[in-house]
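Reader: I would like to go through this model term by term. For each label, please show me the value behind it.

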Amino acid sequence: MVEAVADDFRGSTDTASYDVTVVLTRRAWWPTTPSTTSTGRMELVTFTPSGSWSEAGVRVGKYTFRSFPLPGHADQRFAMFAYPWDLPPA
C-alpha cells in the first residue's frame, strides 16, 4: 500500500494498494532495479523515487523508517528497516 500526503496547507491524503513481488536475495549495494536484501534482523531496500516528493522511506505496519541518499548515486535512496516482532508474518 502506498500512502501520499500533500505537502501543502490542506495536507490531503491518498492511498493506493498494489500487489508486488519482493525478491529477498543479496545484490550489489547499488542495483539498477529496486531490491530488498535480508539479513534476518535488518532489511535494506534501494529505490529511485520519482515525481514531486519531499520525504521517502519504508513503512512496516505502524513503524516508519526514513531513507537516505545512496552514496555515489544522487538519484537513488536506501532505507534500512527492521521487521518488528509484534507484526504477523503476513
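Author: Start with pairing. Two strands pair if DSSP finds at least two bridges between them. In this predicted model, R59 stands opposite T64 in β6.

Reader: What makes β5 and β6 a pair, and in which sense do they run?

Author: β5 and β6 have 4 bridges. The rule asks for at least two, so the strands pair. Their sense is antiparallel. The hairpin they form has 2 residues between the strands. In that hairpin, G61 takes a positive phi near 60°.

Reader: What makes β4 and β8 a pair?

Author: The count of bridges again. β4 and β8 are joined by 5 bridges and run antiparallel. At least two are needed, so this is a pair too. L44 in this pairing stands opposite M80 in β8.

Reader: Why is β4 called mostly covered?

Author: 5 of the 5 residues of β4 are buried. Buried means under 20% relative accessible area. E43, V45 and F47 point one way from the strand, L44 and T46 the other way. Residues on both of these sides are buried.

Reader: Which residues make up the largest nonpolar core, and what makes them a core?

Author: The core has 7 residues: V45, F47, A56, V58, V60, A79 and F81. A core needs buried residues of the nonpolar kinds, joined through side-chain atoms within 4.5 Å. Two or more core residues come from each of β4 (43–47), β5 (57–60) and β8. In soluble globular proteins, nonpolar side chains tend to be buried together.

Reader: What does V58 touch, beyond four places in sequence?

Author: V58 touches V45, Y63, T64, F65, A79 and F81.

Reader: How many aromatic pairs are there, by the rule for ring centres?

Author: The count is 2 aromatic pairs. In one, the ring centres of F65 and F81 are 6.2 Å apart. The limit is 6.5 Å, so the rings pair.

Reader: Why is the pair of F65 and F81 called tilted?

Author: The ring planes of F65 and F81 stand at 45°. Stacked needs under 30 degrees and edge-to-face over 60, so the pair counts as tilted. F65 lies in strand β6 (residues 63–66) and F81 in strand β8 (residues 73–81), so the pair ties together parts 16 residues apart in sequence.

Reader: How do you know which of F65 and F81 is buried?

Author: F65 has 21% relative accessibility. F81 comes to 12%, so F81 is buried.

Reader: What makes F68 and F78 a tilted pair?

Author: Their ring centres are 5.8 Å apart and their planes stand at 40°, so the pair is tilted. F68 lies in strand β7 (residues 68–70) and F78 in strand β8, so the pair ties together parts 10 residues apart in sequence. F68 is partly exposed at 30% relative accessible area. F78 is buried at 11%.

Reader: Why is M1 called exposed?

Author: M1 has a relative accessible area of 73%. The cut-off for exposed is over 50%, so M1 passes. M1 lies in the segment before β1. Beyond four places in sequence, M1 is in contact with T15, A16 and S17.

Reader: And why is G11 put in the middle class, partly exposed?

Author: G11 has 27% relative accessibility. Buried needs under 20% and exposed over 50%, so G11 is partly exposed. G11 sits in the loop between β1 (2–5) and β2 (13–16). Its contacts beyond four places in sequence are V5 and A6.

Reader: How many helices and strands does the protein chain have?

Author: There are 0 helices and 8 strands. Buried residues make up 23% of the 90 residues in the chain.

Reader: Where is confidence lowest and where highest among the strands?

Author: Strand β3 (residues 35–38) is lowest, at a mean of 56, and β7 is highest, at 92. The chain averages a pLDDT of 76. Over residues 26–33, pLDDT stays under 50. Where pLDDT is low, the predicted coordinates should not be read in detail.

How values were computed. Residues are numbered from 1 along each chain as its sequence is written. This is a predicted model: local features need pLDDT of at least 70, side-chain atom pairs count only at pLDDT 80 or more; totals for chains, interfaces and linings use all residues. Side-chain values use heavy atoms; hydrogens and water are left out. Rings of Phe, Tyr and Trp (its six-membered ring) pair if their centres lie within 6.5 Å; planes under 30 degrees apart count as stacked, over 60 as edge-to-face and the rest as tilted. Buried means under 20% relative accessible area, exposed over 50%, partly exposed in between (1.4 Å probe, protein chains only). Contact means heavy atoms within 4.5 Å. pLDDT is the predictor's confidence in each residue, from 0 to 100.
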